[in-house]
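Please look at the sequence and the model together before reading on. The paragraphs below go through a few local features in turn.

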Amino acid sequence: MTELQEIKLGYSVTSAPRTTVTVDTNCGPVSVTIVGERTNNKLFPLITLHDFAFDHVSQFRSLERSCEDAAKFFSQFVTYHIDLPGCEEGAGDVTSQYASLDDLASIIAHVRSALNITDMMVLLGVGAGANIAMRYMVKHTKTVLGMILVEVTNDSETWTKWTQDKITDLVMKPSDIVGLRSKTPEELASSLLDKHFGRTACPTHILTDCRQYLTQRLLTSQNMKNVSLYQHSHYQRTPIPTADLNANTVVPTLIISGKQSWRNDASIEARAELTPSGKDITLLEPSPCYLLPLEEAGKKCAISMMLFIQSIGLGLSAGLTSGYNLQDAYQRVENVAEMKDPALV
């Protein structure tokens with residue numbers, strides 16, 4: 001995004017203290033950025049997990065600046081932004097085999113232990129990060145207060161998508177193919193982002209701006225080899241073993257997926273697999289929204305996230321009332337863009 005466009009985003013999150021630490025895990029050293037006052041016992045921990053082609057900065061930057069509601073949401077927590085191995089700014093090459101999504105999920109337990117996080121957590125994951133959050137929850141249900149999953153997938157990759165990914169991998173790794181010319185960094189960044197945005201023109205100016213911003217981040221701040229390894233790990237994922245979950249064990253969850261997103265069907269399936277009854281699982285489908293709901297529908301997402309944490313007993317100090325009917329409130333969120341509902345604007 002340009003400097004002018006950044007200014008137009010308006011609100012910053014908060015002036016809360018921010019520090020970055022390195023945690024040793026079974027997947028190697030991991031960078032964790034902590035935002036908030038850890039000595040404040042009234043604040044619960046929020047763990048964030050980003051998608052591939054992002055780090056925590058690029059993933060949540062637009063949401064944090066989208067509106068006052070987003071600032072209120074983050075002010076309810078001490079936030080622990082986990083950058084997956086090799087995805088933090090200025091990272092060197094990951095020299096060992098990149099971890100599976102199951103192994104990446106175990107990073108959360110290592111972070112809890114190393115940073116002495118004893119309270120129940122809220123997990124906020126996007127894309128591959130949402131899949132990782134689900135994997136952790138299945139094994140550690142008692143440590144999770146709630147989940148917010150954005151564009152989540154549970155199933156393994158389809159054969160069609162797997163074949164497309166293998167073709168793209170050949171483009172991503174030209175040194176492995178005899179006679180194929182080397183790709184420039186710009187072409188490698190474009191190949192990575194094609195897996196998010198496709199190869200056609202972005203349908204909205206917001207997505208166009210996001211793609212330009214992510215391209216700049218990939219070229220100047222991130223290690224594209226590591227990003228490709230994380231992406232490859234996601235496409236090799238196995239189904240999450242949700243069969244043992246039921247209405248008594250699954251944690252309250254908000255799933256957000258753009259109505260026009262290519263991940264929408266998978267998000268709907270993930271909801272059904274978390275619990276067949278749909279109890280405590282709410283699906284928000286902002287429209288029009290093609291791919292990146294946190295960027296394309298930031299205000300709707302922020303208000304929905306505030307309503308969600310209120311429903312699990314958090315956020316009342318931010319001005320929400322405990323009398324809200326959650327499902328009715330989510331239906332009213334759809335009116336926010338048109339400013340039809342004064343109670344939510």
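What follows treats a pair of helices, a residue in a strand, and some backbone details.

The model is predicted, and local features are taken at pLDDT of at least 70, side-chain atom pairs count only at pLDDT 80 or more, and totals for chains, interfaces and linings use all residues. Residues are numbered from 1 along each chain as its sequence is written, and side-chain values use heavy atoms, with hydrogens and water left out.

Two packed helices are described by the angle between their axes and the distance between the axes. Helix H2, residues 56-64, packs against helix H8, residues 205-220, at an angle of about 155° and with the axes 11 Å apart; helices here are DSSP runs of H or I of at least four residues, and strands are runs of E of at least two, numbered from the N terminus. Axes are lines fitted to C-alpha atoms, for helices over the stretch in contact, and angles run from 0 to 180 degrees between N-to-C directions. The angle therefore makes H2 roughly antiparallel to H8, a term for angles over 145 degrees. Where the two helices touch (contact means heavy atoms within 4.5 Å), Val 57, Ser 58 and Arg 61 of H2 meet Tyr 213, Leu 214 and Arg 217 of H8.

Thr 33 sits in strand E2, residues 28-35, and counts as buried because its relative accessibility is 3%; buried means under 20% relative accessible area and exposed over 50%, with a 1.4 Å probe and protein chains only. Leaving aside residues up to four places away in sequence, Thr 33 touches Arg 18, Thr 19, Thr 20, His 56, Thr 79, Tyr 80 and His 81. With one of these, Thr 20, the side chain of Thr 33 makes a polar contact of 3.1 Å, that is, a pair of N or O atoms within 3.5 Å, of which, within protein, one must be able to donate a hydrogen and the other to accept it, while residues adjacent in sequence count only if both atoms are side-chain atoms.

Most residues other than glycine have a negative phi, and most peptide bonds are trans. Asn 116, in the loop between helix H4 (101-114) and strand E5 (121-126), has a positive phi of about 55° although it is not a glycine, and at 59% relative accessibility Asn 116 counts as exposed. Glu 151, in the loop between strand E6 (144-150) and helix H6 (159-172), also has a positive phi, near 50°, but at 1% relative accessibility Glu 151 counts as buried. Finally, a cis peptide bond with omega of about 0° joins Ser 287 and Pro 288.

Methods: Parallel < 35°, antiparallel > 145°, perpendicular 65-115°, else oblique.
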